[in-house]
Amino acid sequence: MDATALSEVAAGVAREAADLARTVRDEAVTDGVDTKSTETDVVTTGDRAVERLVRERLAELRPGEPVLGEEEGGGGALEGLRWVVDPIDGTVNYLYGFPSYAVSLAAQLDGRSVAGAVVEPVSGRVWSAAVGHGAFLNGRPLRVSSSDRLDLALVGTGFSYGVDRRTAQARVVGDLLGQVRDIRRTGAASLDLCAVAAGWLDATYEVGLNRWDWAAGALIAQEAGARLRLPEKGSADGLGDEMLVCATPGIADGLLDALRAAGAGEV
């Protein structure tokens, strides 16, 4: 396995997909918006078109390798090499014209990310990483912040589409706000993870993410020096099976403790 080569494929395909997402947006958000789990959980024809493009390009460049995608599913078992795509992470932002959304594409080996890219259609920023080879923003090496005080940390998070879970998440945020510098909510988990990689956030956490939400961004953050706590069945650390936490090392333990104390594992 050549992780660098896989990263180059991910970045190239994600760039093309991001161009498509941007060019079809006006039509996609006016003529083709549906809902999924709730009325606030939207999907557009842009999401579907972007995922189809990614699948077509991967079939050409990496024939025979399975693909797991948000809109079309698939991908089979975790064993072996598999691609994981979120065609538009931040679809609500995409719908409203808020520029914080991205195409996320990762290669995973036996369920662990080994290469990935996150591309922002509006800004053109390309975030990328290959396991053991570092993380980059437009070719510039990334490193997490040196923060070592939770009370001065800028922390990102996100919320569920379900009302009950959102309400419980709000209570956790309420507890956490008095212990950190401030909270940010951008609406795209992949970009929150990339922001940690760049030192723009000191940490991010969220419960209920799907694999395609974090597969590329988590690797980018980890390769930039972040500590990761990924969702995993059977977790026994008091934060449940669905929690993702990504933080610069100096505040990671403190944030984990604060989240446990706030009841985040029960959300």
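Trainee: What makes the link between the side chains of glutamine 108 and arginine 211 a polar contact?

Mentor: Those two side chains come to 2.9 Å. A polar contact is a pair of N or O atoms within 3.5 Å; within protein, one must be able to donate a hydrogen and the other to accept it, and residues adjacent in sequence count only if both atoms are side-chain atoms. So 2.9 Å qualifies. This is a predicted model, where local features need pLDDT of at least 70 and side-chain atom pairs count only at pLDDT 80 or more, while totals for chains, interfaces and linings use all residues. Residues are numbered from 1 along each chain as its sequence is written, and side-chain values use heavy atoms, leaving out hydrogens and water.

Trainee: Why is glutamine 108 called buried?

Mentor: Its relative accessible area is 1%. Buried means under 20%, exposed over 50%, partly exposed in between (1.4 Å probe, protein chains only), so glutamine 108 counts as buried.

Trainee: Why are helices H6 and H7 called roughly parallel?

Mentor: Helix H6 (189–198) and helix H7 (211–223) pack at about 0°, with axes 8 Å apart. Angles under 35 degrees count as roughly parallel, over 145 as roughly antiparallel, 65 to 115 as roughly perpendicular and the rest as oblique. Therefore H6 and H7 are roughly parallel.

Trainee: Which residues of H8 are buried?

Mentor: In H8, they are Ile251, Ala252, Leu255, Leu256, Ala258 and Leu259.

Note on methods. Helix = DSSP H or I, 4+ residues; strand = E, 2+ residues; numbered from the N terminus. Axes fitted to C-alpha atoms, helices over the stretch in contact; angles between N-to-C directions.
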